[in-house]
Amino acid sequence: MTKVLIVDDNALYRSAFKRNLMIRDYDVFEAENGDEALAVFRENHPEVIVTDLSMRTPNEGLDVIKSIKQVEPLVPIVMISAVGTFEEGAEATRLGAHSVISKSRIDEEIENLYKMIESAREAGERNRAVRKEIED
C-alpha cells in the first residue's frame, strides 16, 4: 500500500482528499503545516508528498519541499496551489517537485492528480533502486 502525506492548512480539503485516496487503497497521513509535515515524514516515511503552496505563509509549500528534500532527496512531491503563479510553480519544480497542479482545476484534474501520485511513486521507487545500486 502506497503511503501518501497530504500537507494543507485546510482541514476540510485534507479530509476529503484523504477519503478519496483511502478509497483508492492509499495509506494516508496528514499535516497542517510544514513543521508537522517534516515530523510526520520522519516518523512514517511516506512514499509521496502532496503539499499546498500557501499555508501559514504564502510560500510555505516551497519550504516543505526544501525541508523534506534535505531529509530525503528522492521522495517525490506534488504541489497543489490555489494561488500560485507560474513563477512559484517553476520554483517548486526547481526545488524538486515532481508535479504542480492548480487547486482551482482540481475537480476536472482529479484523475490526473491520481496519475501524478502514482507516477511520482514509481519515480521514487526507480530513484531508490538506483541509489541502492550505487551504494552497493
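**Starting at the tail end**

Select Asp 136 to begin: at 70% relative accessibility it counts as exposed (exposed is over 50% relative accessible area, buried under 20%, partly exposed in between, with a 1.4 Å probe and protein chains only). Bear in mind that this is a predicted model, where local features need pLDDT of at least 70, side-chain atom pairs count only at pLDDT 80 or more, and totals for chains, interfaces and linings use all residues. Residues are numbered from 1 along each chain as its sequence is written, and side-chain values use heavy atoms, leaving out hydrogens and water.

Next, pick Arg 131 and Glu 72, whose side chains meet in a salt bridge at 3.0 Å, N to O. Arg 131 sits in helix 5 (residues 106-135) and Glu 72 in the loop between helix 3 and strand 4 (77-81), so the pair ties together parts 59 residues apart in sequence. Helices (H or I, at least four residues) and strands (E, at least two) are DSSP runs, numbered from the N terminus. Buried or exposed, which is Glu 72? Glu 72 is buried, with a relative accessible area of 19%, while Arg 131 is partly exposed at 29%.

Then jump to Glu 30 and Lys 18, another salt bridge, with 3.3 Å between the closest N and O atoms.

Methods
Salt bridge = Lys/Arg side-chain N within 4 Å of Asp/Glu carboxyl O.
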